[in-house]
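Colleague: I'm new to this, so please pick one part of this model and walk me through it up close. Start with the words I'll need.

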Amino acid sequence: MDFLNAIIVLFNFTVIPALAYGSQLALGAIFVTLIYAVLRFANFATGDMMSFGTMFAVILTYYFQSLGFGLGVLPTALLTIPFAILIMILYMLIIDKFVFSYYRIKKSPPVQFAMVSVGVMFVTQALIRIIIGPSDRRFLDGEKFIIKATEFKEMTGLAEGITLKSTQAITIIVTLIVVSIMFWFLNRTKTGTSMRAYSDNEDLALLSGIDPKKVVLITWVIAGILATIGGVLYGLDKSYRPFVYFNNMLPIFAAAIVGGIGNPFGAFLGGYVIAFAEIFVTYAYKRFISYLLPEHLEPDSLLQLLSTDYKFAVSFSILVIVLLIRPSGIFKGKVI
Amino acid sequence: MKNYKNVIAAYSIMIFLIILVGIFQSWSIALTILNYCLISAVMTIGANIQWGYAGLINFGIMGYTALGGLAVVLVSVEPVKKAWQVGGLNILACIWIIVAIIFVVKFILNRFNKSKLRNYSVASVILGGIILLRVTAAPGIEAIESVDPAKTGFLGGMGLPVLFSWIVGALLAGSLAFVIGKIALGLRADYLAIATLLIAEIIVSIIKHEEWLARGVKNVIGLKRPAPYEIDLQTSEWFINLVTKFNSSKLNLINSISDKQEALNQMVIDASSVYVKLCFTGLFLTVVIILLIVTQKALYSPWGRKMRAIRDNEEAASAMGKNIVKEHLLIFILGSAIVGLAGAMMVTNDGLFTPGSYRPMRYTFVIWVMVIVGGTGNNFGAILGGFVVWFLWVEAAPIALFLINLFTSHLPETNAVRVHLIESAPYFRFLVIGIGLLLIMRYRPQGIIPEKIIKQ
């Protein structure tokens, strides 16, 4: 029986990765939910928009590196995020002006919006592949680890170590900062309140003098910030690969719906629900259990509920179950 | 009659384009494109039944396509006897366990009233069943996968003729659609789209990772064909005679006998690949025509009118006593079965089953673009959409390359922009498809050939 080591194993291999992955999903899920609440459609271009923002961060990182700029121990990418966000917002506003606004004024059904967003997805994907190509790119520089397993073992004298990658710490911290600023904005400022009013009841909001153009503009600005930061954080943590972002869109949708689509706080938690579920279900508990049980009872099998191949399938199954039992999501659909 | 003129004109342009490919590139490429166009047409007929007739948005096309492909492997491949001996019993036991779980759950749901206890017992039955399944299946799967893993490592199929698998593919896809329809059809339109997209991902990931079933990502190659093999044709007397007869004028121009023989050999090789593709074209064309006749008849039957009524106004149709849930489920099954058939046709055409290649981009969204571009609710439009979009999907890269070379011809060969653009020519297909979809949605939302409303 070695309780402390067991906890540390679990912490190192499930909790930390799940927190980081969950943060990345949460940012994307809030993006989906915000678009759904204010502009009222499921945006199938989500993943590729995130990829588009990240692409500029990658290109600018390479440029800054060639100039010799840097943040020392922190990755240069953090420095490029503001510029990438600006380009991203510009792209989103152009798309909105030439594509989405027409259907918004016509008050098209959501299905038509969804199909249009599929068109945007194709175009965005093409632009990304034409500009940067489909290959795998790493753009992380600076310090890679905050705590290494060996250092931790030496420090504490335990048999198991904790590894904390700097990208994981950055992901969690940046997500918390961005999300708290966003919730403060939505709940405490006048513009945020007007956005919530617009998403609750469009006609009433228009009657009380809220400018719909401004609401849409602010929504795209927030969406651009969330998409770019979420995308860059994911790219830093894993690596930048355009088509992975398209695949990531699916768990992001799952997170948004599980949390209750249209509810940003639900989406935020939904991201973590999906991430923890994926990692807890596909983690092999053999090492964890072997610390808890006496030696002669050590298990032979890996004690894995599902193989890691089914990582995505887990989140999708959760989504299907939620849709069946409680279609409005865990946090019932109070819109924004 | 004016309507028909449009249709005929559109199809003639399409066929003309394919003939152009035949003249400028090669006849083999043109026929490959034509075959894929026909397969896409079957898929669009399926998607059009769901979206155009009934307004159901199904983003799970990829899942049914993959299932149709799986059917080809399960039906036509020779059974691996050794694998059945070592692990067949476990797999059969698993099937019985699954059936038992379903019956127990059904029994509990029917027998007891809605309560917390019922929910918990259903959940525990399912969880216990899954654990039991894993325990039973694990040794069997391990044994099966270790039987000659480089070549087999799976149970194999039934060794039946490959054409039979097309029907099985449709049946498999239809029964899956029944399950999904029961689960998801109550959802609102955009939720249904997301749910079907994700369920399709689950299906493909199961096919990819369950190697005992169809070798997963290791692929199954060398599937049976309903057409003769090139190599057999090249050695058969009558085929060589046929080629000689067709090309006699060309052959007569060559004087030396050895040159003549060489030219003839080359012609036979080319002709054999064209002949095989023509066989496939004939088969696919038959399927498309049969489906077209059936779906056209259905569209203008009382049933088709009922479907359109449900699509256009659910409440009104419901008030007239139409059972909307039942009709939606039926049309969901029918459409999916046709997509499954197309999936089986595609794998038969390729001769190999590669689960890793099933991506939502190619097998769901492109098919949807085909339906929207061609014309929703009109079968001629949907088929045309399949042709046009597939043609663009294949030919966008060569056309883009040509245009890039044209516009950058004043730049030197080593210019960075030019090199980069030429390297990224294959990706212009996404751009073409995306912009095409956006333009059609904006300026001609009813598609190239719009739905024809017949007043009766």
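Modeller: A residue is buried if 20 or more other C-beta atoms (placed from the backbone) lie within 10 Å of its own, exposed if 12 or fewer, and partly exposed in between. By that count, 46% of the 336 residues of chain A are buried. Residues are numbered from 1 along each chain as its sequence is written, while chains are lettered from A and ligands numbered from 1 in the order in which they are written. This is a predicted model, where local features need pLDDT of at least 70, side-chain atom pairs count only at pLDDT 80 or more, and totals for chains, interfaces and linings use all residues.

Now for the overall build of chain A. It has 13 helices and two strands (DSSP runs numbered from the N terminus: H or I of at least four residues, E of at least two). Its radius of gyration is 21 Å, close to the 20 Å from the globule rule for 336 residues, so chain A is as compact as a globular protein of that length (the radius is over C-alpha atoms; the rule is 2.2 Å times the number of residues to the power 0.38). Along its principal axes, the C-alpha trace of chain A spans about 70 × 55 × 35 Å. Look at its contacts too (C-beta atoms, placed from the backbone, within 7 Å): of those in chain A with a separation of 6 or more, 76% are between residues 24 or more positions apart.

Next, turn to the side of chain A that meets chain B. There, 34 residues of chain A are in contact with 32 residues of chain B. Helices H3 (77-106), H4 (110-131), H10 (242-259) and H13 (311-325) of chain A each supply at least two residues to that side, and H4(A) gives the most, with 13 residues. Sorted by class, the chain A side has 27 nonpolar, five polar and two charged residues (Ala, Val, Leu, Ile, Met, Phe, Trp, Tyr, Cys and Pro are nonpolar; Asp, Glu, Lys and Arg charged; the others, Gly among them, polar).

Which residues have the most contacts inside the largest nonpolar core? They are A:Ala254, B:Val42 and B:Ile338, and that core has 222 residues (a core joins buried Ala, Val, Leu, Ile, Met, Phe, Trp, Tyr and Cys through C-beta atoms within 7 Å). H1(A) gives the most to this core, with 17 residues. Zoom in on A:Ala254: leaving out residues up to four places away in sequence, it touches A:Ile274, A:Ser315, A:Phe316, A:Ile318, A:Leu319 and, over in the other chain, B:Leu198.

One more spot is worth a look: A:Arg40. You'll find A:Arg40 in the loop between helix H1 (3-39) and helix H2 (46-67) of chain A. It isn't a glycine, yet its phi is positive, near 65°. Most residues other than glycine have a negative phi. A:Arg40 counts as partly exposed because it has 18 C-beta neighbours inside 10 Å.

B:Arg215 has 25 C-beta neighbours inside 10 Å, so it counts as buried.

Terms used:
Contact = placed C-beta atoms within 7 Å.
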